[in-house]
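Student: I have a model open and would like to go through it with you. Can we start with the strands?

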Amino acid sequence: MSQRDYFEKDYYATLGVARDASQAEIAKAYRKLARELHPDANPGDKAAEERFKEVSEAYSVLSSTDKRAEYDEVRRLVSSGGFRGGFPGGGPGGGFRSGAGGYTATGQGFEFDLGDLLGGIFGGGAAGGRRGAGGPRRGRDVETELTLSFSDALRGVTTTLRLSGAAPCSTCAGSGARPGTAPVPCATCGGAGTIAQDQGLFSFSEPCPACGGSGRQIPNPCANCKGSGVESRTREIRARIPAGVKDGATIRLKGKGEPGRNGAPAGDLLVKVHVQPHTLFGRRGDDLTIRVPITFAEAALGAKVSVPTLDGPVTVRIPGGTESGKTFRVRGKGVERDGRRGDLLVSVDVAVPRKLTREQRKLLEQLADTQRGDDVRAHLAEVVQ
């Protein structure tokens, strides 16, 4: 991938997503296309293989926040005509041309480089930058999933994640050089990663053919990774999941994704958390919820009821005349997060016995006799009239 690709390729169209698509939508579209076009699913199909490469290239740019911002800015400048004709200050004869790995234009006393422009905007080189396609490249972000129990999610937990895929070479620690040696600056480009060619009014920059745009050479490559600094293996990562994490939350672990290439930083690990439901408790923000059954007598006369919490049982006072569905708040017995703790919301349900003893039935009939003059549904008739 070079700067030229940013001008000529519509990565959003390649993935079939809108330009304002979220990162989740981009990842979903990529996974769907990757499954359909993967060479293993299309043996011998060259067209599918090329399409798979295009989709992978598009995702490598749009899945990175920084690369996507750079790409969007380049496309905006192209669509607005910012690179057509001359450049400000260029005067007659100024213009714009592209080379194999970089974009440079010269006019009367004026020289312009895309890497300088985007470097000023984003604090770094353009995608691929002055080092070209073989230069330092940040590692891709990696996604994984983790399922936690309700209690572990509330209290926080340190766990071990097992990932299979690209990882820093275990022999050279990712340097690409044989242990005891180190990479050296490229003698051809002096470590710049690019070389310039002047052709009349225009100057072209392209990746250094000696180092492939990385700006460095490895005289003694690591025998295990062949100088790439990367190997495919299973690795274990210790991760601290903070207390109070919600179901569906994504935790970003910096630098725990795929390793970077040619000295660039590693990507991040994105951990999507799934929380198993609890048999008693629910969750509403930082508050816990629970439903507690009480008898008719307790609801009518009042009572003190023992209610479970994550810290042990507490006593909740139920006043006389409590209706079914009434909710009581127990302070400080909810989810602890960011130094604060929510409450426990206790909703009571008046339990109606399915079977009555002879004595219970007799007592209830006596109660019913005392209530015959009480029309608890009188308000319904008033509404209808």
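Tutor: Fine. This is a predicted model. Start with strand β13 (residues 287–294) and strand β19 (residues 344–350), which pair in the parallel sense over 7 bridges.

Student: Which residue in β19 is the bridge partner of T289?

Tutor: The partner of T289 there is L345. T289 itself belongs to strand β13.

Student: Is T289 buried or exposed?

Tutor: T289 is buried, because its relative accessible area is 18% and the cut-off for buried is under 20%.

Student: What does T289 touch, leaving out residues up to four places away in sequence?

Tutor: With those left out, T289 touches L280, F281, G282, R283 and R284, and also L344 and L345.

Student: Now the hairpin. How do β14 and β15 pair?

Tutor: β14 and strand β15 (residues 314–318) are antiparallel, over 5 bridges. K304 stands opposite R317 in β15. Between the strands of this hairpin there are 6 residues, and G312 takes a positive phi near 115°.

Student: Which residues of β14 are on the covered face, and which on the uncovered one?

Tutor: For strand β14 (residues 303–307), A303, V305 and V307 make up the covered face, while K304 and S306 make up the uncovered one. In a regular strand, side chains alternate between the two faces of the sheet.

Student: And the faces of β10, which residues are where?

Tutor: I251 and L253 are on the covered face of β10, and T250 and R252 are on the uncovered one. β10 runs antiparallel to β11, and 4 bridges join them. The bridge partner of I251 in β11 is V271.

Student: How does the lining of the second largest pocket divide by class?

Tutor: The lining of that pocket has 12 charged, 8 nonpolar and 6 polar residues.

Student: You listed β3. Where is T144, and is it buried or exposed?

Tutor: T144 is in strand β3. T144 is buried, because its relative accessible area is 17%, again against the cut-off of under 20%.

Student: What does T144 touch, if residues up to four places away in sequence are not counted?

Tutor: On that count T144 touches L161 and L163, and also L269, L270, V271 and K272.

Student: Last one, the whole protein. How many helices and strands?

Tutor: The protein has 10 helices and 19 strands. Of its 385 residues, 38% are buried. Among contacts between residues at least 6 apart in sequence, 63% join residues at least 24 apart.

Notes
Residues numbered from 1 in each chain as written. Predicted model: local features only at pLDDT ≥ 70, side-chain atom pairs only at ≥ 80, totals over all residues. Heavy atoms only, no water. Buried < 20%, exposed > 50% of the residue type's maximum accessible area, 1.4 Å probe, protein only. Helix = DSSP H or I, 4+ residues; strand = E, 2+ residues; numbered from the N terminus. Pairing = 2+ DSSP bridges. Nonpolar A, V, L, I, M, F, W, Y, C, P; charged D, E, K, R; others polar. Contact = heavy atoms within 4.5 Å.
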